[in-house]
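Q: I would like to go through this model with you. Could we begin with one of the strands?

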Amino acid sequence: MTRMHAQAQTRVAKGFSTVNAVAAGLMATGIALWAGQSLAEDAPENITQAHGYSYFGNLDYPADYPHLPYANPDAPKGGELSLGATGTFDSLNPYSRKGRAGALTTLQYDQLIESVADSVGQYYCVLCESLEYDEGKNYVIFHLRPEAVFSDGTPVTAEDAVYSHRLFIEQGLPSYAQAVGRMVTGAEALDEHTVKFTFAEGITRRSLIETVGSTPVFSKAWFEADESRRLDEPRLEVAIGSGPYVLDSYEVNRRIVYKRNPDYWGKDLPFNKGRHNYDSIRIEYFADSTAAFEAFKAGEYTFKNEGDPKQWATGYDFPKVQDGTVVKEALPDGSPPDASGFVFNLAKPQFADKEVRKALALAFNFEWTNESLRYGLYSQRSSFVEGTPLEAKGLPEGAEKAFLESLGDIVPAALMTEEPMTSHVSAAARLNDRGNLRKAAAMLEEAGWSIGDDQLRRNADGKTLDMSIPIPSNMDPTLEAMVETYVQNLEILGVNASYEKIDPAQYTLRRRERDYDVIYSTQYGAFLSTGGGLSQMYGSKEAEFSLFNPAGIASPLVDAIIEASFDTTNQEDQDAALMALDRALRYEFFVIPTGYIAEHWVAHFDMYDHPDPLPPYDLGYLDLWWIDADKAQALKDKGALR
């Protein structure tokens, strides 16, 4: 599911998400394709050796590919990318179970293999020069590049790869540690540059090779030099990595600066040619989005990935835009949208009844929100794979119908006889669509939630229908207004609804501990292939604690579809299974969709350039864009840059 890895990268780029990059690697579970493989002539026929990996067997790039086709190998090096972030940070360890990590800390770490941004499910060697595995995918062996070194000049060895793997199992996020701990039965260094991972018997072969290959590799010596250095604890001391950037400086809650390592061992790899073009990347922190935007206008940072439709529609009329100093671009985004929206905490008893959840959803008026708050720039979403060939439509037929029938009685009759759930339609003219609110009131009444003398709904035990929504204090004003107006409609229904504005650190803690009734979330990613990441987001085994499953959905139906999808052996059957999964997730109804932006919105000082076209699955401004030195100098000459 490389697609999901690309989306994780895009989320980091858009909002500096602190999502564990390893879990993103786990979510990057592969559709595997394979061409141009280089089999060792003396290798047994059932052993595959290649310069990359994909599950079904083709790699688009041959072993001697010169560079990524969407990268500009002639891109100039130099200059600074400066970005804005909101909120706070108290750690520079992106993999900690606690604390709030600073932005882009994962830039410092390489992986054995990495996914690409122009296809789904393909991975190519970075720290390794080749890999091999048996026909049954019972193990994988990575052959590390002898020239790979950490930023302190010490070599990257097989022992470092083994140590890093074990570190994530012993001290990583529980959802990752438990899942991978079940998958991997052995990790051993066969020699200084050869590492072997052995996989458990009786489990799906999906996600295995790409998961262990996507684990960042740390310096074992650095961790062992001080026993207080742990993966699961926040710290401002940075673990040594082998990546293209190293930490240059930081001021807690003010800024972080990374500099390109001039001695980066991998700068001339085909995978890296035309990438990592900035001499430095600086992130400036601000209390909220209003302060951040004013700072951008003043030139305190020079590149902004805009997510606020009001700002996009009305805010870019300041002098630097008018005179061409700042450029505003809407760029194509080929990624299916994440399943963002209001997510019900299914552990809360008041949301156990799906009809109650449907009734509460009717209080959200997307059409009014879009027209009044978002300037008509959002599109509504119903599907978890919106706009892709995997989106479930109409009644099941053909391969999807056959797939569902093969699952037996666990599939409810309604899934076969009713069209998939679609988002309700509201009147755009007024926030409180009376027809929808009347329908919602009747549904709540039928579900046993009756209005009392105080105009609050209570069940037979006298408990109110509570719905509290925490939001971080640095949330975009438009999003906050969306939450506030939704709460207003819920109050009309007699729901004991409220939203609570809290500081980002407290919000992060409550999100991790699932201390909420409902939360606005972008954690659920779209999927274009199957693999272990689906279990992390939608499966029952990790439902109680997975950070990637904020609803805690634990559905035998969904589990059965995911498990069966693992057994598909060709693209058609896999697609049928994933279409069925989309249908089932919509049937379970645990997210109220709030719409999505169909493009990348960026504004930047007129000195940045990028490949054309960009890859479909990543905006790539962190690693594919570059600075035009002449344009930068012109901005300096007229005093536009600080």
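Q: Which residues point one way from E7, and which the other way?
A: In this predicted model, Tyr139, Ile141 and His143 point one way from E7, while Val140, Phe142 and Leu144 point the other way. All are buried, meaning under 20% relative accessible area with a 1.4 Å probe and protein chains only. Strands are DSSP runs of at least two residues (E), helices of at least four (H or I), numbered from the N terminus.

Q: Why is strand E7 largely enclosed?
A: Six of the six residues of E7 (residues 139–144) are buried, so the rest of the structure largely encloses this strand.

Q: And how many bridges join E7 to E9?
A: Five, and the two strands run antiparallel. Strands pair if DSSP finds at least two bridges between them. Phenylalanine 142 has valine 195 of E9 as its bridge partner.

Q: Changing topic: where does arginine 586 lie?
A: Arginine 586 lies in helix H19, residues 571–588. Because its relative accessibility is 4%, arginine 586 counts as buried.

Q: What does its side chain reach?
A: The side chain of arginine 586 reaches the backbone oxygen of methionine 421 at 3.0 Å. A polar contact of 2.9 Å also joins the side chains of arginine 586 and aspartate 582; such a contact is a pair of N or O atoms within 3.5 Å, one able to donate a hydrogen and the other to accept it within protein, and residues adjacent in sequence count only if both atoms are side-chain atoms.

Q: What should I know about the numbering and values?
A: Residues are numbered from 1 along each chain as its sequence is written, and side-chain values use heavy atoms, without hydrogens and water. Local features need pLDDT of at least 70 and side-chain atom pairs count only at pLDDT 80 or more, whereas totals for chains, interfaces and linings use all residues.

Terms used. Buried means under 20% relative accessible area, exposed over 50%, partly exposed in between (1.4 Å probe, protein chains only).
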